[in-house]
Amino acid sequence: MKNNIKKIYIDSKVASGPVASRILASPGGADIEIVDDPRAILDQFQKSGSLAEKETLLVYHFPGKFMSSCPGSDGMVCCNYFVINFGLGCVFDCHYCYLQSFLNNPLMTIFGNLDDLIQEIDLKTKNKKFRFRIGTGEYTDSLALEHHTGIAERLIGHFAGLDNAVLELKTKSDNVDSLLDLDHRGNTVMAWSVNPPSVITSVEEGTATLEERLEAAKKVELAGYKTAFHLDPVIYYEGWEKEYHELIDTIFSRLNPDRVAWISLGSFRYSPGLKEVMQSRHPGDELTKGEMIQGTDGKFRYFKTIREQMYVSIRKKIDSVDSRLFLYLCMETRPMWEKVFQYIPESGKNLDALFEKRRQYIEKNGLPIGRKKV
Ligand code: SF4
């Protein structure tokens, strides 16, 4: 499953950079135009009123900072994660996606000054006695456009040379073929957001099917990568428990638990403002029709009894597969951690120690498989 872009604008400031050079060498059927004033292109699309242009891409010189701490959420347990952003907007159209109300950028945009991004990662991580977990995929899917951009390939190669950082690439695509033969040295975790097939079909428009995602996950597992899964957002609907349990069974009928670095759980949530956008873009959806409650971070979530019930049920199911699998909750309160795990991480450091323990377990016990040594 490859989402091909029809038109690509390249900011002349990055026309000789690595991303643009790759696109120019292999346009993949896209019409390409180099522009001196990318702002004018954005304005033109803004005026047309299109909220999410999915077939046009702008390769842009990003002047700001690429790397930041995960913003987390007020009053929620934070897991000391760092994020790097190499683009804005997404080719997919998940009905719950927060980008719908968060970004006012009318075009999918990829930052073409990749060397600046890499330099920033080095500056941030060099000579630090800290093991960084650095993820992508906050403002865009990490792999959906990999066949055009080659950004993940470059990042994987770079992280292979870092001894205190792990890269996590999160996706809902199956776009991994170009990454299988890379010398990743075990420093990249390939992660999939997953949901039961009925949820994928109804609200994750344009994404790879569960089968396709798991097939891709198997390919990277065989290529020696660690994998990870994010059951996020977990959605509450009639029959959820059976379907989420079947999802866990399906994942572990294909994937080796000893290669799974981590699994996160997070319930469906939305910020004020997103509900209206979701209802106007996807009026038939049930997602926002149930009663939700506003948390200290301003976001609306299911009632805590519902969240607890879902997390505990899914945790028990995962434990029944392999109780050594490392699970954590994304953007959840301390009392919820206590209820689900009978444990509250006192600080991000406690959680870091758990991530590190799992990493060491995998390095020791999950024997590398596949074409490259890790
Ligand atoms: S894959 Fe992620 S970024 Fe893309 S539309 Fe879905 S939720 Fe949004």
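**Close-up views of a predicted model**

View 1. Setting aside neighbours within four places in sequence, Val 59 is in contact with Ile 8, Ile 10, Asp 11, Val 14, Val 19, Ala 20, Ile 23, Ile 110 and Gly 112. Keep in mind while you look around that this is a predicted model. Val 59 belongs to the largest nonpolar core, which has 88 residues. Together with Phe 229, Val 59 has the most contacts inside that core.

View 2. Look for Met 67, which stands opposite Ile 84 in S5. Met 67 is also touched by Glu 120, as are Lys 65 and Phe 66, not counting residues up to four places away in sequence. Glu 120 itself lies in helix H4, which covers residues 114-125. Along the chain, Glu 120 and Ile 84 are 36 residues apart, while their C-alpha atoms are separated by 9.6 Å. Glu 120 counts as partly exposed because it has 14 C-beta neighbours inside 10 Å, and that class lies between the cut-offs of 12 or fewer for exposed and 20 or more for buried.

**View 3. Strand S13 and its two partners.** How many of the 9 residues of S13 (residues 226-234) are buried? The count is 8, so the strand is largely enclosed by the rest of the structure. S13 runs parallel to strand S11 (residues 188-193), and 5 bridges join the two. In this pairing, Ser 193 stands opposite His 230 of S13. S13 also pairs with strand S14 (residues 260-267), again in the parallel sense, over 6 bridges. There, Thr 227 has Val 260 in S14 as its bridge partner. While you're in S13, find Pro 233. The peptide bond leading from Asp 232 to Pro 233 is cis, with omega near 10 degrees.

**View 4. The sheet of 3 strands.** This open sheet has the order S15-S17-S16, and its pairing is antiparallel. S15 (residues 269-270) and S16 (residues 293-294) stand at the edges with a single partner strand each, so one side of each has no neighbour in the sheet. S15 is joined to S17 (residues 300-301) by 2 bridges.

**View 5. Leu 88 in strand S6.** This strand covers residues 87-88, and Leu 88 lies in it. Is Leu 88 buried or exposed? Leu 88 counts as buried because it has 21 C-beta neighbours inside 10 Å, where the cut-off is 20 or more. Asn 105 is 17 residues away from Leu 88 along the chain, and the C-alpha atoms of the two are separated by 7.7 Å.

**View 6. Two residues with positive phi, Met 331 and Gln 342.** Met 331 isn't a glycine, yet its phi is positive, at about 50 degrees. You'll find Met 331 in the loop between S18 and helix H12 (residues 334-341). Gln 342 is not a glycine either, and has a positive phi of about 55 degrees. Its place is the loop between H12 and helix H13 (residues 348-365). What about their surroundings? Met 331 is buried, because 24 other C-beta atoms lie within 10 Å, whereas Gln 342 is exposed, because it has 7 other C-beta atoms within 10 Å.

How values were computed
Residues are numbered from 1 along each chain as its sequence is written. This is a predicted model: local features need pLDDT of at least 70, side-chain atom pairs count only at pLDDT 80 or more; totals for chains, interfaces and linings use all residues. A nonpolar core is a set of buried Ala, Val, Leu, Ile, Met, Phe, Trp, Tyr and Cys residues joined through C-beta atoms within 7 Å. Two residues are in contact if their C-beta atoms, placed from the backbone, lie within 7 Å. Two strands pair if DSSP finds at least two bridges between them. Helices (H or I, at least four residues) and strands (E, at least two) are DSSP runs, numbered from the N terminus.
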